[in-house]
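Me: I am new to this structure. Please show me how to read it, one feature at a time.

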Amino acid sequence: MDFEFSEEEVRFRESVQEFCKRYIEPRWVEIDEGGKIPLELIKKMGEQGLFMIPVSEEYGGMGGTITMAAIAIEEIAYHDPSVAVAVYALLNNGWPFIMEKYSLEDVKREILPKVARGEAFYGIASTESQGGSDVAGIKTLAIKKGDKWIINGEKTYISGVREIQELPQGGGYFLVAKTGKVEYGHRNITAFNLILKWDGKVREGWKPTLFEEIGRRGISTGAFTLEDFELEDKYRIGEENKGFYYLMEGFNVARILVAAATIGSGRWAIDQAIEWIRNRRLFEGRPISSFQGVSFRFSELYGELEAAKLLTYRAAWLADKIYIERDRKWREQDLNVPVALCKMKAPEATGKIYEELMKWYGAYAYTKDCNAFRGWIGTLSYLVGAEGAQNIMRIIIARDIIGREYVKG
Ligand SMILES: Cc1cc2nc3c(=O)[nH]c(=O)nc-3n(C[C@H](O)[C@H](O)[C@H](O)COP(=O)(O)OP(=O)(O)OC[C@H]3O[C@@H](n4cnc5c(N)ncnc54)[C@H](O)[C@@H]3O)c2cc1C
């Protein structure tokens, strides 16, 4: 058992920290208030190699690991605890990784280098208005006509809708749609590289709208309809009707990175807490950390974050064994529980830290001078459902540990 990061990983973390200190930390409040990550920052992040870390170098990636991607996302979120910049980066790490695995060569060469350079966005479009947790129930339909797919449907609560419109090259999504006919189940789902704006041109049949979010405002959330949207068959991802399984693989990677993001934000909250409870003095000048009602709770929360961190890097280590090293000792199903555990624990630990930090701040927390609320609401996005609802993580864990037949609803 080895609890140390390698020398390469330590150096990589330091280089990301240096970048974040210089380009992200001074702007994170402005990004959250303004509701936008500046395009020049996205470009700089691309130049720094913060997108597509686990993707092969031949497509513009770093040829790194999922552990390295988790390190980068954790650091980005520490320096922007609202997590918006980290979310932008994690989507453009996790989903291109799965896209690379199953897409055609010329499509990878067409899409991935632009995502790596921060000129185009590549996210995930799975959720529909009738309920994101029930992927088997999606209704977006792709019908094959000759060498094209005609796609009709609606996706909602999708990250990056505005960025696709604003980035010079555009971008798109790992889309899941029913093929043939809309029938409940996992088997007739196919995945596509849904290119919405490419080479600066918006493709016909795409109608986007934007939501006004309460938090992590730097990255947009929106919806879109597809009306007789035409997509060439070369953009299909892998085999027809296997899309559900590719989606689950994508979630395995993305959820580890989500956990890393909330850990970075939680670490920031812990540092703010230490500073505050040491210096806030009450009852004849005693630091509030000298009251056990404060310090005991601090210790518990610190422990929860440390536990979540171990779960997250254990899941990243295992994902590297399975997806990068292709170590036959492990099967993909072995990731189910470790990934669900870190996606369940990390946002919940960080959410609790923020709630307590706000109380330790007292009335100050309830003003916009105190930025803790930005981290709290940003983390909340992962408690209300982003990258999979918390109860869905509990279902995955219960199914694997107790047994599918004993927990069927
Ligand atoms: C900020 C933000 C960004 C997002 N970005 C994207 C994106 O880029 N792409 C994308 O595809 N989606 C995105 N989503 C959507 C996200 O994937 C969904 O929120 C998630 O899948 C849950 O779906 P839902 O919100 O429709 O809730 P529902 O699925 O309707 O669930 C509602 C509630 O019921 C609970 N629940 C559901 N089923 C069960 C069950 N069997 N047992 C117990 N409880 C259950 C859930 O835990 C939840 O609390 C984003 C969401 C947010 C908040």
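Me: Is Lys 44 buried, partly exposed or exposed?

Reply: First, the ground rules. This is a predicted model: local features need pLDDT of at least 70, side-chain atom pairs count only at pLDDT 80 or more, and totals for chains, interfaces and linings use all residues. Residues are numbered from 1 along each chain as its sequence is written, and side-chain values use heavy atoms, leaving out hydrogens and water. Now the term: buried means under 20% relative accessible area, exposed over 50%, and partly exposed in between (1.4 Å probe, protein chains only). Lys 44 has 29%, so Lys 44 is partly exposed.

Me: Which residues does Lys 44 touch, leaving out those up to four places away in sequence?

Reply: Contact means heavy atoms within 4.5 Å. Lys 44 touches Phe 19 and Tyr 23, with residues up to four places away not counted. Tyr 23 is 21 residues from Lys 44 along the chain, yet their C-alpha atoms are 8.6 Å apart.

Me: Which residues are closest to the ligand?

Reply: A residue counts as near if one of its heavy atoms lies within 4 Å of the molecule. Here 20 residues surround the ligand, and the closest are Ile 124, Thr 127, Gly 132, Ser 133 and Tyr 157.
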